[in-house]
Every structure is written in C-alpha cells, then in structure tokens.
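Biologist: Could you walk me through this model and tell me what stands behind the labels you use? I would like each term set against its cut-off.

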Amino acid sequence: MPQLSSIDELKELQRMLLDDIHESKPCIVVCAGTACQASGSSDIIRVAKRHIIERRLLDKISLRVTGCHGFCEMGPFILTEPQKAFYVQVTLDDVPRIIEALLSGDYVEDLLYGDPHTGKKYHNRDDIPFFKNQQRAILGLNQKIDPIRIYGYIAQAGYSALEAVLSKESPEWVVKELKRSGLRGRGGAGFPTGLKWELLAKQPNGDGKFLVCNADEGDPGAYMDRSVLEGNPHSIIEGMIIGAYGTGATEGIVYVRNEYPIAIKHLMVALRQAREHGLLGGDILGTGFSFDIKLVRGAGAFVCGEETALIRSIEGKMGEPRQRPPFPIEKGIDGKPTAINNVETWANIPLIFRLGADEFAKIGTKGNSGTKIFSLVGKIKNTGLVEVPMGITIKEIVYDIGGGPVGKAKIKAVQTGGPSGGCIPAERFDLPIDYDSLTEAGSMMGSGGMIVMDENTCMVDIAKYFMNFLKGESCGKCFTCRKGTQRMYEILDDISKGNGTLEQLDLLEELAHVVKDTTMCGLGQTAPNPVLSTLRYFGNEYERHVVDKRCDAFVCRDLVGAPCQAACPLGTEVWRYIALLEKGEYEEAYKVIRASNPFPSACARACDRKCEQRCNLGTSGGEAITIRALKRFVTDRVDPSVYTPMRVVREGKGVPRVAIVGTGPAGLSAAHYLSLLGYKVTLFEVEEEPGGMLISCIPAYRLPQDVVRKEVESLLDENITLRCGTALGRDMTIDDLFTDGFKAVFLAIGADKSWQLDLEGETLEGVYSSMEFLKAFNLRGRELAGGHVGIIGGGNSAVDAARVAIRQENVQSVTLIYRRTCQEMPAYAEEVEAALEEGIKLETLVSPVKIRYIEAALKEGIKVETWVSPVKIYAQNGRLVGIECIRNKLGDVDSSGRRRPVAVPGTEFSISLNTLIVAIGERPDSDCLASMGVDLDKGGKPRVDARTLCTTRQGVFAGGDLVTGPNTVVDAIAAGRKAATVIDRYLRGKELRELPKVTLPEVLIQPAEASDEEPGEAARAEPPTRPAESRKKNFAEVEMTLSAEEATREARRCLRCDLEFTRRENAEGNRVAVRKE
Amino acid sequence: MTQDIATRNKGDVHVKQEVDTEVILGILERHDKARGALIAVLEEIQAQYGCLPEEALRTVANEMGRPLVDVYGVATFYRSFSLQPRGKHLISVCLGTACHVRGAPRIAEEFERQLGIKAGETTPDEEFTLETVNCLGACALGPVVVIDGHYFSKIRSSKVGQLIDDALKGLDKIEIGEDKRIFPIDVSCPRCNHSLMDESLTIDDHPSIRVSVSFDHKHGWLRLSSLYGSSSIRAEQDIPIGMVVDFFCPHCHAELIGSWECPMCGAPMVPMIVRGGGMVQICSRRGCNSHMLDLI
C-alpha cells in the first residue's frame, strides 16, 4: 500500500477511488455488525460469496460487508444497490434468489420488508418509516463502507476534512470553527466540545498532551458507540487527528471496552491502515505534524466511563475516580493535559469540518446542534439504532420511527441515560430531546440508550435493577455511594417482595438525596436518578406494592406467585388444575376450578382469559397455554355434583336477609356465597329469567343458553328466593327493601344502556342499539336485522351483534364499521377473526358522520325503492336506508396509547343499509338510584369504595358492571364474591376492609416424569371449531372441546411456575446432574 | 465428518495448566513492563490460562516492580478478570436493561437451575462457567446469551436445555458434507497464476491446496483443505502452534505475501487467487484461523 507523503497524493487517491465508484456494478450489502452476526449474517456473507464465485458473477455484481445499519431487529438483512431493496431476516436459501433478482433488476417480493400492520411491501428502503423519519448524518455512512478497508472510507470523502484542515487552516481556526458549530459532548453531560479543545490547546505543551476517545460504552441498553466503532472506525481516527492538529495533542488513546471484540478488531485494522498510509505517526502527509493513536482495552468496569477513573485505568491502576480539580485538562494521563471525548463526538468532527460549522449548526436546535444516535430498545416494535436531529420529541422517536408498542400493552415510559438517567412517563413524550429538557425532566441525555417500557414493565423492578447494577459497579471509594446504593437496593428489594412500608418510601427518597449530595464522581451523583425519577412519576406503583401488595406488571415474583393465578380475578389455582388434568385426575381438577368459581362452564366459554395473557410461556416469547380450552375440557367431562361446597348452618329466626338487585354473574355469585354463609337472600330480576348478560347478551354460539341455565339453577338453593319481572325504581325502592326487613342491599344491575352516536335519526326504525338487538333475540327470539346490516363499533358487543345478525334469516350482508384499525379493536382478536371467517366485512378507519333517513336519501338522489317498503316507513317517521361515512386516518397518540382517528375531509361515501346496529359502548341504567340516596358519578356509576364496595348509603353495596362499566364475566363474579364477604362482615359488625395478602401457590403437585420433548416447544393446542360454512344461519356452539390426548399434551406444556414456590424448601431439580447419572 | 468453523471466535479456554514462568516473562517482554501495561498483561495471561493464577500474579508483581497488593487490586477490580479457573464452556447471559425488560433474569435463573450453579460459578465437572454480563450491545435482539463466542438471540427459558446440550456437543462443529456454508474453492498462485490444486492428495474429500513452507530453518510441503471454512491441514514438518510460516508457490517459488496483516494476530496474510474471481487470504500463523475472501 502506498504511503501518502503529501496532501496532493491523498487528493489524487481520492479522485481515483471516486472514479471507480462511478462505474460501479450492482451491489449487495450485508451488515456484519455484532447484532447481525448474532442473527447469522456471517453465514449469509459466506453463502453470497459462494454463489458469486460458483456462478462466476464477479463481473456483474459486487458484495459489500459493512457495519451496523441500525435496524438490528431485522437482521440478517441484505440491501441491494442501486435498487435499495431491503430484504429482512433472510435465510441461506434466500441469498441466491436475491442475487439473481438483482441481476435481472427484479425484486424478491416475499422477502422485502413489509409494514407489520398492513403488510405493505416497501421496494425502497428509504421509504420505510423506521428509516424515513431519521436523519442519518453519522450512521448513514456505515452502509457505504467496508470498515476494514480504508479505501472505502476515502471513497466516501473520508479524510477530506483532514486534508482541507491541514492544507489551509491554522490550529486556532480549527478550535474556533468547532466552537461555532455548537457541538456538545455526546457522552451525556453535554459539555461544549470546542471549549474543551480550547482549554487543552492553552495548556503548555511540555511533555505532550493526550486526546482520548472514550469508548467504554458501559450503559446497559446502549450500543451506538460500538456501531460507529465497528462500522466506521476511520471517522474516529480522522476526528482525532483533526483534534490533535487543533489542540497540539501528541498522543491519542482509544479506550474500548473488552466486551466489543469486533469493534476492537476493526479499530486495530483501521489504525494499522492509517499508519501505513501516512495518516498517523510522524510527519503526517508531509506536513511535519505528528500524532499517533494507541488502543487500550478496558477490563469491564462501568465506573471507568467516568473520566478520572478512565485515566487511572489507562495508567494500569484500579479504576477509582479521584477528586477534581485538578481537571484532566490540566493533569490527566501520567499528569499530562488530557481531553476526553466520547466516540460519537469524535465521529461528528469530520462531518463538521466537511460541512462547515454553519451548515452543521443548522441541524438540530439552537444550543443543541447536530444529530444524536439513540439505541431504541425494549418494548417497542422497531428496535435498533436511530439517529435524529436534536430537539425532536420523544413521541416522534417512539411512535413514528419506533412504530409504537409491540403488542396490545400500552407504552408507559422511556428510560434514557442508562443507570445515571431516569424514566420519562408517556404523558411527557412531547418533551424535546435535548440536554437541558431531559435534565429538567429528571433524566439525562446520557450516551443515548432509550429503553421503552410498557405496562408489563414494573417501575419498582426497574429501579431495583439499576440499583443492583450500581451497587455492583460502585468503586467503593465514597462511603455514601457504596453503602447508599446498597441500602437503596435493599429497600427496593423489600418493596418488591411485599415487605415494604410507607415509611421506607420516605427513607428511600431521603437516602437518594444524601447519595446525590455527598458523593464525589458522576456515578454516585447520578446513581439515585432511577429511584428519584420513578418515585416522581410512578409513585402509585410503589404504593400498590407497599399498600396493596400488588405488582400490576406481574414482574415482582414474590407478589405474583404463579401469574395465571394472580391474573385471575377469582384467584383460580390454574396451575393446579392443569397439573391435575395432566395426571388424568379430572374430578380433582374440577373441584379446584369450582372452589373459586361458581360459573365454571360459562367461564370455560366466555372468559376473557386474563390468565392466558399473563402466562409465562406467552410473555417469554412462546405461546401461552390455552387455559380456557383446558377448563372447558374439564367442565365438559365432570359432573358438577362431585363438588360439594362447605356450608355454614345458621339456626333460628335471627338470620339476616339480604336483597340483591340484578341476577347477572355478580348478583348470582353474591347470592351463592351469602347462601353458603347461611344468609337468606332474595334476588330481584327485571327480566323474566335470571342470568343477566350471560343469558340476554352473549350469543348462544359462544355460550349456549342451556349451559347457563344449568349452572344458574345449580346455584339457586333453599336460602335463595328469586323474584323475576321486578325492577328497582319501577316496582320498588331501596327504602322499600329496608322496610321489608332486608339488612343489606347489593346492587348489581349491570351496564346495559347503550351509548348513542349523537346523530340525527338514531330513533328511526332499523336503527338499534346492540343491547336492544341482542336482548330481543336472546330473550324473545325476535330477529330485528334484515337485508344489509351495518354495525358501528369495534368492541365485543359489536362483534357479537354482527355475528348474531349474520345468522338471522332475512340478513343478506353484514358490515362492521369501526373508526380505527383492526389492531386497535378492543374485541377479542379470535372473535374478530371468526367473524371475518363467517363472511362479515370489516371497514376500518371509518366513522359514520350522518345517518340518512328516507327523505334525505331521496333528496341526495339515492334510489331506495328496491330496499324498503315506503308505506310503513312513512307511518313510522321514516326508515333507515343507509348511512354516510367518512374515512379516517390515524393521528396523534392519545392518552390510551392508541392513535386518534382523524377524519379526512372529502372522503365521504355512503353505504346502503337496512339495519344499523350501534355498538359503541354501554353504561349503567342507573338514573333511579340517585333519588334513593346512592351518589352517582358523571357516567352514571355509583360512587363506591373500591376496597369495600360501599356506596354512599349505609348498608347498600354495589359491584359488577354497574360500578366498572361494561366488563368481563369473571370480573363480575369476583365482584359478587367480594360483595358476599363484605356484606357478611358488615352484618357481623366487623371491619369491612380486609388486609391485602399475597396468594402464592401452596399445594405441591409433583410434575410428571420429564419426557424427551422440550415442553415449551410444542405448539399451542387450539380448540377445534365448527367450520364457518356450517355455522352460518344457526346458533350451534362454534368452539368445541379438546380431545383427552390434546388436552393432556397441552397441559404438559405448562411451565409449572408454581413449583418454584411449592418446592422452595426441597432441593431443586438439576438437569445436568440427572443427565450424568 | 465434523470440522471447526474457523471464522468464529473460539470461546474455549485452557484449564488448569501449570503456570510457566517463561510464558509470563514472554508476555511481560511484549509489553515492555510499562506501568500502564498491567491491564493488558493480565488480559493476556487470562487468555492463556483462562484465569489469573496466583503464581502468575506474583511473577508479574516482581517483574514490574509493583507490590503484589497493587496487582491483586487491579486483578479483582475489573469484571473480566477471574482468579478462579473457568469451565470448558463459558455461558454469558446478558442482563442489560433491554434484555432485563424482556425477561433476561428468568433466562439466567433457568441456566442456574439446569446447571445447578449460581452465576459466577463453575460446575463441579468443570464443563460450564455461568456468568451474567451488564450489556453485550445486542439490545435489539434481547434476551441475548453468548456461549463460547456464539450469540443466541431472543432466548426463551424453554430453549435453555437445548443450548446446554448443544454447547456440550460443541457449537463449532458442523457437518461438512451438508452445510451450505462450506464450499470448495480452486486457487492459483498470484504470481505465476499456476493452479495450486493437488488432485493426488485429498483433504475433506476434496483436492488439497499445495504450497511450500519454511520456518525455523525447516522446509517442506503443506497441504490445505480447499474447503472454504475448513482449517484442516497436512504438513511434512510438524509446525508448532503459534509459529509464523513463510509460504511459497511450489511452481514459481515466489513467496506468497501481500500487503495485509492478520486482523487477529498481526502475522502476514498469504494471498491466493480464486478461480471464478476474487482473492483468498489466510493467516500465516499456525493455529490462527483468520482468513478473508475478497470478491474484487
């Protein structure tokens, strides 16, 4: 390789290389950064080479191996040039297809990156939202450069900034120009880099001065420095040479952490090449200016990111920080003046001198110029490295680039700044990303980690995680840091185990401030940030842990136990009945289910399965156990009479009587448990039959009515009197009930009054609320729908209504109209899918703007004759013929974490309809309660103490949908059971409030012998369903039961989270030991 | 037939070797005993022995003129040093923040449970050492586990058992006959362009590459496997591990030497022309598996 002995020779080389580029062939680009290598990109590269050699394609195509492009989650990927097609997660077999397609100018459609929502394929990588919304001033070069070839860098105008500086500018100009650029240190603190250089330049140049590149990227969750080092090491070298020229530094050191082997390798290669080319060493490019760079490997100590500790580490000592002043700029490595900058800062230097300070300063905002790279990771759809101009909002990064949450769980915070930073809650996502705003919000820029957290992330656990990290990484020099981080950890540990107290929360905060104020280095001073910021924004989570002993994210294990059990509002020992099922002990399994749930068969069909959402098998990336189907299997097989509940027998006449209004799952459960406690209960029901929603609204194809009837009947015993056709407010008042001798009243009248669209014409014939429509059919057998049916809404009742409608005799088509996308539908996904299978059309991103009745329709020129019988309509003030809709687009993210639908003017269109069903939500029909001494809130729900279910009237309790709004069966049962407990305590004159307690698995059920098959790898057993064709126009149950074999296999997949608790004392299973025997 | 894939990092470490003072002195020699070199010296010793044996630390302290407590302090301050010998296989579970929020603690626990040891410990049979690390920088792929230099991404606890089994079998082992990544190349001398292929002697069931070598005043032939990805060789003379060898074309007798140095060990790379286009370069140091295949 030629040693370049003058600036002109470098220019000549550049010109030559640029000419080469212009005649370039199509190229396939493969990333070989750490993340892509971890996904197998090295193999992709090998196979690509093999194909090119074996097919003799070398004249037609080239291959470039590069560093990180940023979209690490999609690796290994192949980018083609000049097409810019972006093939993601490619396998070895895909490589030849991609090469051949590129040669013929085609695309391999199935491998292109597709939008996860719409499946839309992008043919040009730059159109992909993840890339489109970034400004990749630094990272953008990575894809163009093979990091181990200096010519690749030079061909991309590399070293041209150095060349310009050396050929015509003075060192003073360099420092001045940098100051004008406004660049601030990218390591986190944001100290102006130009000022630092100026200070170094002013130091006397006796024994030499040092420039250091701090590549000890220790923040967990941050890896942008590594990507720059791996992908473009020459940019660091060029930056440091310019720095040395400007400041008069004589030696350079890159301090890289040992955990980055590829970065070390690439940097070593780059340094050697730069030296060979005369860009480093003595008399650089014949200018007489000398500078060389040495690589020093860190040995794994987080504190070495602190500058004084880093200096000591370079000196070969323990990396303990020391007191400043003297600052390193005066006395650094071996007592010589030293300036330390972060990797990303150095990478910006060539850019600044290539663009000019003024152009650079235009990027970003005033005082925060340039771009910043973040590693966007955690609970977010698009993970990877993103580079954005400073000053854009967190929201833009998280939603526009990151694509929002992964699943249905809402994003609640981002953590920035690593262990020294803090958590910023979703409410503050409008915050611009710059040094000062983040510090004000209690976090900091840090080196650029941005970890997204959703509802499944526990903030107490996060604080505990960081404190555990920091107590391990504290060098121990300052007592307050050493002991303070440890004590904070212990307190957080107590809280996460349910042993925390409110006093400890105060102590924690006080301790945090003490550590902040009394420690010497950056590590200690910022160590309390994770605690302080979570306390500040997520104090309620701490309180839930301390007061209620609940971890709502299901993370803190000692509060959660087995997640399936903890998630169930009834506390059903799911793990237990699944273990019993697996052993074939079906009756025992039934008893476990029935012990906590009086409606096992109904729940086996209509439960929303909170247990499955929390199943550890599902949350760890696999498929959750199909718990509901297993419950169905057990309840279908076992005669309910095997379970006999325990009863309290009360003698004599003094037994208090309790009135329960409403016979849905809440009312019936309350009656059942009160009866078991020996009370006499009277149930009042407005309809002719008990069962509430179970009977009146849930369609029979999901939950057959005879199943409900049987279950309800089994609960009605001699202690319970049923009075149907009686309505509160119409036939009686609460006063009447007390006068009649009832000692307590439980209100469980549900929420069955539909919300209206607030459009003109909603009282027309042909327009129904979903409740009205479902009840008419379920209770009275009346088919209200006919012809073309439209349903507005996206919840379960909308889908129920749609599916009931399509089964009705006179219905021709059913259209479900929802204002957001399928992703945002609150209905259960499997119900939506089933509906689509049955031929229900789905219009999403659409809202109805106007219901047109006949006159309006005629005026607008719509022909309706073929659809309606005009005589009848006129007689009833018109009959519906259609609706006009307008299309929506997705707008901003609202407080629910979902994107707001925004109407697009000019996109109105009409749908002809004969029946319109409005299913946009329900509320309680509770107006009468206000006059009976029960205070209501704005939504018509009684004001209730959540812990005791007490209303504002003594002796009157309320629960179920009436209190929560439309909710699930299992929550209603739980409310009923709780009401029974509270009313019992009330009648016995006891304190109503129960102390919260943690329920952990207690009964040890030995697991079956381990089989060869890995338990978690088997596929989830979905229960069979009746084929769509055979279920139209009838109400036969769609979902069927699993076979014994399927059920047993499915039960075997259970991870048995209970064993950790039930076997705690026993010696733990040791697979390796077993294998060795 | 199984073979090592050469491109990957080898996580294997040597266990329980006797400390050879000469080796330590050699390492110290290379670092000119400068004060700042201590960490680099210890890193090299650890690479050699898999840990920092007491005897080695004493030698280092003596030779560098530093009190033993100083050397011990550095050896115990940094995470990457270990005073205890490690197992044959090193399992590192990343506990960085991104991996943590995606469930890494459970993965670490599952490894602990299945191996019957705690993080930081070695199994009694010295097969496995389990450690947790702060961040490996593969955050987009979390939870991440690295076993013997191989990365495994998006790990679930149900995969743990399989990983342990695979590690025991050897992660570097692959089936040459079936693996797409292993393929034969035809090479020729970059000087005289004469083919270096030798049909008469096969390695890995393929014609071998024939070159002449000299080292340490010895001369002889050397046959290399022509399978890209295989590091099988046969040599006339026994070449000691670590020896840098000069390569010659058996036809024109020119030295096979280019401008590249091995990115791993710094020894000269040996270039050969690939039929079909491109150039392959292999490291001239025995035991260093570094190689490059350039399509230029």
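Predicted model: local features only at pLDDT ≥ 70, side-chain atom pairs only at ≥ 80, totals over all residues.

Biologist: Which residues of α4(B) are called buried, and what makes them so?

Modeller: They are V71(B), V74(B), A75(B) and F77(B), in the helix that spans residues 68-77. Across chain B, 41% of the 296 residues are buried.

Biologist: What else can you tell me about chain B as a whole?

Modeller: Its secondary structure comes to seven helices and 17 strands. Along the principal axes, the C-alpha atoms of chain B fill a box of roughly 60 × 50 × 35 Å. Of the contacts in chain B between residues at least 6 apart in sequence, 54% join residues at least 24 apart.

Biologist: How is chain B divided into domains?

Modeller: The domain assignment gives domain 1 (17-77), domain 2 (89-175) and domain 3 (183-294). Between domain 1 and domain 3 of chain B, the C-alpha centres lie 35 Å apart.

Biologist: Over to chain A, then. Why is D106(A) called partly exposed?

Modeller: D106(A) has 13 C-beta neighbours inside 10 Å. Exposed would need 12 or fewer and buried 20 or more, so a residue in between is partly exposed. That is why D106(A), with its 13, counts as partly exposed. D106(A) sits in the loop between α4 (94-103) and α5 (129-132) of chain A. From D106(A) to R184(A) there are 78 residues in sequence and 45 Å in space, C-alpha to C-alpha.

Biologist: Why are α18(A) and α19(A) described as roughly antiparallel?

Modeller: Helix α18 (residues 459-473) and helix α19 (residues 479-496) of chain A pack at about 150°, their axes 9 Å apart. Angles over 145 degrees count as roughly antiparallel, and α18(A) and α19(A) are therefore given that label. Their crossing is left-handed. Residues of α18(A) in the contact include V460(A), M467(A) and L470(A), while those of α19(A) include M488(A), Y489(A) and L492(A). By class, this contact has eight nonpolar, four polar and four charged residues.

Biologist: And what makes α25(A) and α44(A) oblique?

Modeller: Helix α25 (residues 574-582) and helix α44 (residues 1044-1052) of chain A pack at about 130°, with 8 Å between their axes. Roughly perpendicular covers 65 to 115 degrees and roughly antiparallel starts over 145, so an angle between those ranges is oblique. Hence α25(A) and α44(A) are therefore oblique to each other. The crossing of α25(A) and α44(A) is left-handed too. I578(A), L581(A) and E582(A) of α25(A) make the contact with A1047(A), T1048(A), A1051(A) and R1052(A) of α44(A). Four of these residues are nonpolar, one is polar and two are charged.

Biologist: How many residues does each chain bring to the contact between chains A and B?

Modeller: Chain A brings 74 residues and chain B brings 61. On the side of chain A that touches chain B, the largest share comes from helix α3 (residues 41-54) of chain A, with nine residues. By class, that side of chain A has 30 nonpolar, 25 polar and 19 charged residues.

Methods: Residues numbered from 1 in each chain as written. Chains lettered and ligands numbered in written order. Axes fitted to C-alpha atoms, helices over the stretch in contact; angles between N-to-C directions. Helix = DSSP H or I, 4+ residues; strand = E, 2+ residues; numbered from the N terminus. Parallel < 35°, antiparallel > 145°, perpendicular 65-115°, else oblique. Left-handed = near helix turned anticlockwise from the far one by under 90°. Contact = placed C-beta atoms within 7 Å. Nonpolar A, V, L, I, M, F, W, Y, C, P; charged D, E, K, R; others polar. Domains from an automatic or database assignment.
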